Amino acid sequence: MSITCCLPIVESVYCLACARWLWKKCLYSAGHESENWGLATAEEFAPVPRLCRYVLAEYEDDLRNPIWAPPGGYGINPDWIVHRKDYDETLGRAPPYMLYMDHERRDIVLIIRGLNLAKESDYAVLLDNKLGQTKLDGGYVHNGLLKSAMWVFDAECEVLKELLESFPEYTLTFAGHSLGAGVVALLTIVAVQNREKLGNFDRKRIRCYAIAPARCTSLNLAVRYADIINSVVLQDDFLPRTTTALEDVFKSVLCLPCLLCLMCLKDTCILEDQMLRDPRRLYAPGRLYHIVERKPMRLGRFPPVVRTAVPVDGRFEHIVISCNAMSDHAVIWIERESQRALDVMLERDKTMDIPVSQRMERQVSVVREHDEEYKAALQRAVDLDIPLAYPPTYGTFDEVEAESSERSREEPPLLSSSERKESWDGFVRRLFHVNDSGQMVFKIS
């Protein structure tokens, strides 16, 4: 009898808890994730709208007679296109892409388009992954996107090497949207790891802009490559937040709202510390640029604001329940809102009437701030005990080099750095093993 009387109380508490969760989830907006981030400057954000237009141009069959060009056109000179490859030439191994010589900005640009809903090969690339299936440079990556990136690299490395050697003052930029964003992010890592095939060019000459990317790198890789990889996300875009298997998402397109609600509930119940310490969990890569142009409980769009950071915890962890979660993924909307955001930045700078000398000083200070933020993110990853999170060994930043040199002085001078790393790895393997959950456990026997 007493048990029967308690049932209504339990049901009431359960309903109140569900109602509270739903209310908090509906009030939660994507702007909350980046509210403590710094504001991006016009100088660092300027390439984003232009690269969005380059991605849109890849959807055109004839760039000399475009059909879907945005106001002002794509900004591409057809005579500067090195070549374009469609599905017939990529054999379904990668989405169509274009190699473009931007002589005006002294930039070599490789652009990869996004997912084609009518092509099974694109689905095959996106769904070819299991948790913890593939490792790269000490971290985990998306298996299908990595294979696609390696195919593009093998196909274009000779051409890129020739161009980089012919134009030593040019930079190399990879840009892509959605599926292509994941491919170019991993292509950047592959290119850095195989610089000898590209003529041993300086690492500072390469950069990547992943627009609305899929989650394709583990947290340690996402932070370690934040100095050259930039991810651009428009407000509520669902794909950079999709932590469940992408196969479940695209198999359930007709019931996507129900699936997103279940994913929200699952992500809410999992502790953030548990998510961060899973080395196999994938994230949006690199430095994040978040375009915010809507506010909770308010109608209409506001002048967009671009916030940027290299976050470790709170890195687009939760799906946002929003009617714009799908539309914010469209590259045409990202191009439009990013251009509006850039216009707002430029108008603000014009109003402030900043002299040219001060603009140059601000560019230098932005680079310095990004370096400091990057090193702080690396230290934050170490403080949180993120698996496999360690400072890079390529010597991009002076302080990191100083710390590595201090550590090297403490170690025996008879061993080289590679020998020290191998001896340490062997010592760790003798004492520890990795269990099924990806954690290191001390060997009993």
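Arg 224 is buried, with a relative accessibility of 5%; here buried means under 20% relative accessible area, exposed over 50%, and partly exposed in between (1.4 Å probe, protein chains only). The side chain of Arg 224 meets that of Asp 137 in a salt bridge, at 2.9 Å from N to O, where a salt bridge is a side-chain nitrogen of Lys or Arg within 4 Å of a carboxyl oxygen of Asp or Glu. This pair links distant parts of the chain, 87 residues apart: Arg 224 belongs to helix α8 (residues 219-224), and Asp 137 to the loop between β5 (134-136) and β6 (139-141). Helices (H or I, at least four residues) and strands (E, at least two) are DSSP runs, numbered from the N terminus. Asp 137 itself is partly exposed, at 23% relative accessible area.

The model is a predicted one, in which local features need pLDDT of at least 70 and side-chain atom pairs count only at pLDDT 80 or more, while totals for chains, interfaces and linings use all residues. Residues are numbered from 1 along each chain as its sequence is written, and side-chain values use heavy atoms, with hydrogens and water left out.

The structure holds 16 salt bridges. One of them joins the side chains of Glu 335 and Arg 53, at 3.0 Å from N to O. Glu 335 lies in helix α12 (residues 331-352) and Arg 53 in helix α3 (residues 47-57), so this pair ties together parts that are 282 residues apart in sequence. Glu 335 is buried, at 9% relative accessibility, and Arg 53 is buried as well, at 18%. Elsewhere, a network of salt bridges links Arg 50, Asp 102, Glu 104 and Arg 105. Within this group, the closest N and O atoms of Arg 105 and Glu 104 are 3.9 Å apart; Arg 105 is partly exposed at 40%, whereas Glu 104 is exposed at 60%.

Turning to the sheet, nine strands form an open arrangement in the order β1-β13-β12-β10-β8-β7-β4-β3-β2, with mixed pairing; two strands pair if DSSP finds at least two bridges between them. β1 (38-39) and β2 (81-85) stand at the edges with a single partner strand each, so one side of each lacks a neighbour in the sheet. β1 pairs with β13 (residues 305-309) in the antiparallel sense over two bridges, and Gly 38 stands opposite Thr 308 in β13.
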